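Thanks for making the time this morning. I would like to walk through one model with you, going from its confidence to its helices and then to its surface.

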Amino acid sequence: MSSRKSMLGGLPPLKPGEKAPRLQTVIATSPENPAGDPNIRPHEAGEAAGKVIGGGLGVLLVTLCGLLLLGPVLWAPGWAGLRVARFLSGPWQPWLGGVAAFVAMALIQTFLLIQRHPALRYPVVTLFSVLWVGGLWLEFNSPRHDWVTTAPTLQMPGPWSWALIIAGSVVYAGIYLLALAPVGRSRWARRWQLLK
């Protein structure tokens, strides 16, 4: 029996001509681990973390886009509903008139925005974008007023304000066009398009 120390730390010394044992780093393949990867657990944890982070970012982006679209899409119907309700009196007439004006304006706006022909689509999208951004600018730059019943004071924007309104209108026009592209191709929308 050889008395020399083992170089393998705790394993018996090697016999002459014997090779050192190798670590078994390959796991048998299975449906869960088809590649036989020994590090399958850390990979699964990394994939789960990636799905959670990616899903969270996706939800955040979708929510942000929804909020960006919510303002312009509901602005004209909301304004019409509030204006009609303001001029009616009674316990339920303002509510009824406001809801009717909201629905009517929403239908008109939808009809205009689903048009796909460039001669109709681009001017309509530009008009709604400029109205939304310009209306926001007026609202934020007017003296203190009741925004439900009193319209903001009309005033001319300065050069920097014009640049801001134009930039915002371009951004919203792009959002509109991206959001409306699949809607305009749907079967129900094609029936209501004026120019084919």
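What is the mean pLDDT of the protein, and what share of its residues reach 70 or more? The mean is 78, and 79% of the residues reach 70 or more, where pLDDT is the predictor's confidence in each residue, on a scale from 0 to 100. This is a predicted model, in which local features need pLDDT of at least 70 and side-chain atom pairs count only at pLDDT 80 or more, whereas totals for chains, interfaces and linings use all residues. Residues are numbered from 1 along each chain as its sequence is written, and side-chain values use heavy atoms, with hydrogens and water left out. Confidence is lowest in helix α1, residues 40–86, with a mean of 77, and highest in α2, with 90.

Now to the fold. The protein has five helices and zero strands, and along the sequence the pattern reads α-α-α-α-α; helices here are DSSP runs of H or I with at least four residues, strands are runs of E with at least two, and both are numbered from the N terminus. Of the 196 residues, 22% are buried, which is to say under 20% relative accessible area, with exposed meaning over 50% and partly exposed in between, using a 1.4 Å probe and protein chains only.

Let me take α2 next, residues 93–113. Its 21 residues should span 30 Å at 1.5 Å a residue, and the end C-alpha atoms are 30 Å apart, which agrees; the expected span is 1.5 Å times one less than the number of residues. The buried residues of α2 are Pro-94, Gly-97, Gly-98, Ala-101, Gln-109 and Leu-113. Seen down the axis of α2, these buried residues fall within an arc of 125 degrees, so they line one face of the helix, the arc being taken from the directions from the helix axis to the C-beta atoms. On the other side of α2, Trp-95, Leu-96 and Leu-107 are exposed.

Leu-107 also belongs to a nonpolar surface patch of about 690 Å², together with Leu-67, Leu-70, Val-73, Leu-74, Val-99, Phe-102 and Val-103. The elements giving two or more residues to this patch are α1 and α2. Leu-74, which lies in α1, is partly exposed, with a relative accessible area of 39%.

Among the buried residues of α3 are Phe-128, Trp-132 and Trp-137, while Leu-136 counts as partly exposed at 28% relative accessibility. The C-alpha atoms of Leu-136 and Ile-165 are separated by 9.2 Å, although these residues are 29 apart along the chain.

Ile-165 is one of the buried residues of α4, and so is Gly-184. Helix α4, residues 159–184, has 26 residues that should span 38 Å, and its end C-alpha atoms are 36 Å apart, which agrees. Gly-184 has a relative accessible area of 2%, and its C-alpha is 5.1 Å from that of Ile-114, at a sequence separation of 70 residues.

Key: Patch = residues over 30% accessible without salt bridge, like charges linked within 9 Å, V, L, I, M, F, W, Y side chains within 5 Å. Areas by Shrake-Rupley, 256 points an atom, 1.4 Å probe, with all protein chains shown as cover. Salt bridge = Lys/Arg side-chain N within 4 Å of Asp/Glu carboxyl O.
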